[in-house]
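The entries follow the order in which I looked things up.

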Amino acid sequence: MTATSIMTAKTPAAGTDLLQIVHINEEIKRVVGVSVKINIMALNAIFLAKRAGTAALGFGVLSNELRVFSQDLRTCMESLNGLIHACVNQVSIGLKGIRTGRLLSEAARLAPQQPAVARILQDHKREIERRDQQLTILRRQLKGALEDVFQMVELGGVLAKSAKIEAAYGQSFAASLAQVSGEFDGVVEEIRGSLEALRRSAFFTGNRNNWRG
Amino acid sequence: MKTTKTIFQDGNHKWVAIVRDPEKPNYLIDTNEYLVTYGGKGLLLDPGGAEIFPSVFSALSADFDPTALAGIFASHQDPDVCSSLALWLDFNPAMRCYISWMWSSFVPHFGGNAETFVQIPDEGIDISLDGLSLKAIPAHYLHSSGNFNLYDKVAKVLFSGDVGAALLPPGMDGLFVENFDAHIRHAEGFHKRWMGSNEAKRRWCERVSQMDVDMLCPQHGAIYRGADVQRFISWFDELQVGVISA
Ligand SMILES: [Fe+2]
Ligand SMILES: [Fe+2]
């Protein structure tokens, strides 16, 4: 494979990376939106538990915990923004580097007598490899941060399930408590679905380490 | 690949035109690049767009060591003038780029850093190429609002940037203007539409008509030489510019 063909073959991968980051970012925004929804639902559940009195003490405690969970989740998801931004930056530089690589390779082909071109092309490749390594590190960091969120959501799931059980003890409020706890369960599942989709993103799973040859 | 034509030579003092790439795709405007060499150093005038870099680079390096380029002179900020800047800087990061002060914070979007740019004040400057004095001549609003030509009074060559540019039809690709009347038809629409100020144009004509110019070298089209230089100046002086029918 010539230097030129290596450089051209890389183009779609870097472009795809950028698209995948966009999808990841959209999913993160969705989770942040859902976490706001849980916060409001938890507030309503706290008021409902207060009205139900002693019959819904456990439910009240769990609602409080779910509220804290939603706030933590939101903070955690928003903190991923920095990593996303760094990934976009690296991938953008990579895309620019691909164009530069293509033009330098073409210059090397047309001016084979110039040793300077080969040297600069080598420097350029080394720089791209360095950028690739940085992107690999960022990819790993982002994946790790998402795994942490996943653990947090597991806990949220347990809280929602416990709230469902507690609702059964709500006497005359049992039906409305069951409805609220069912909704909790639903939104936590929604988040879990989003996180599963993120985990499956080809940005993490594909064999991306050699996307620049 | 482009070809090089030496249009002036006196010892190691040379003007080389880098022109006409038959492989250039039609969607890219054709450009002329010029290399001035003196004492083993080179100044590249309007190095061209990034997409034509390989072609310009290979043509230039057939005659000249690209690492000996001391600088780039950019007549203005257009992408066809200097979007290849970053690639040239790869070969010599210490290379300077001379450009109007107006564009010195815009053109770094194409490449370079704070050290790269030498800002040319509105009245112009002298640029020394290993002792050869080259003059940046004001040509503002022709067409860019911060625009310079480059004059070599020893060679009597004026690089005129977009002034004198012609968009020549296929087949009409001679390096020099041979039939002024036939040639200028391909320059008229461009000058009327692109050049923004009749006042600036009048001042440019006055200034250049007082200079000793054997060759007027535009960034597009063919080179005017001999009597065609004055013919062009008179034609331009008469032309109403800044005209749009919309
Ligand atoms: Fe221009
Ligand atoms: Fe131009």
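Predicted model: local features only at pLDDT ≥ 70, side-chain atom pairs only at ≥ 80, totals over all residues.

The notes below go from the fold of chain A to the interface and then to one residue of chain B.

**Entry 1: chain A.** I looked up the secondary structure and found 5 helices and 0 strands in chain A. Read from the N terminus, the order of elements is α-α-α-α-α. I then checked burial: of the 213 residues in chain A, 45% are buried. For the contacts in chain A with a separation of 6 or more, I asked what share joins residues 24 or more positions apart. That share is 85%. The accessible surface of chain A is about 10600 Å², and carbon and sulfur atoms hold 58% of that area.

**Entry 2: extent of the interface.** Next I turned to where chain A meets chain B. I counted 15 residues from chain A and 17 residues from chain B in the contact. The two chains bury about 1200 Å² between them, with 69% of this area on carbon and sulfur atoms.

**Entry 3: the chain A side.** I asked which helices build the side of chain A that touches chain B. Both α2 (57-110) and α3 (115-167) of chain A supply at least two residues each. The most comes from α2(A), which gives 8 residues. By type, I sorted the residues on this side of chain A into 8 nonpolar, 3 polar and 4 charged.

**Entry 4: H183(B).** Last, I went to chain B, where H183(B) sits in helix α4, residues 180-194. Is H183(B) buried or exposed? H183(B) has a relative accessible area of 2%, and the cut-off for buried is under 20%, so H183(B) counts as buried. I then looked up what H183(B) touches, leaving out residues up to four places away in sequence. The list for H183(B) is A166(B), L168(B), M172(B), V177(B), A222(B) and Y224(B).

Key: Residues numbered from 1 in each chain as written. Chains lettered and ligands numbered in written order. Heavy atoms only, no water. Contact = heavy atoms within 4.5 Å. Buried area = accessible area lost by both parts, 1.4 Å probe. Helix = DSSP H or I, 4+ residues; strand = E, 2+ residues; numbered from the N terminus. Nonpolar A, V, L, I, M, F, W, Y, C, P; charged D, E, K, R; others polar. Buried < 20%, exposed > 50% of the residue type's maximum accessible area, 1.4 Å probe, protein only. Areas by Shrake-Rupley, 256 points an atom, 1.4 Å probe, with all protein chains shown as cover.
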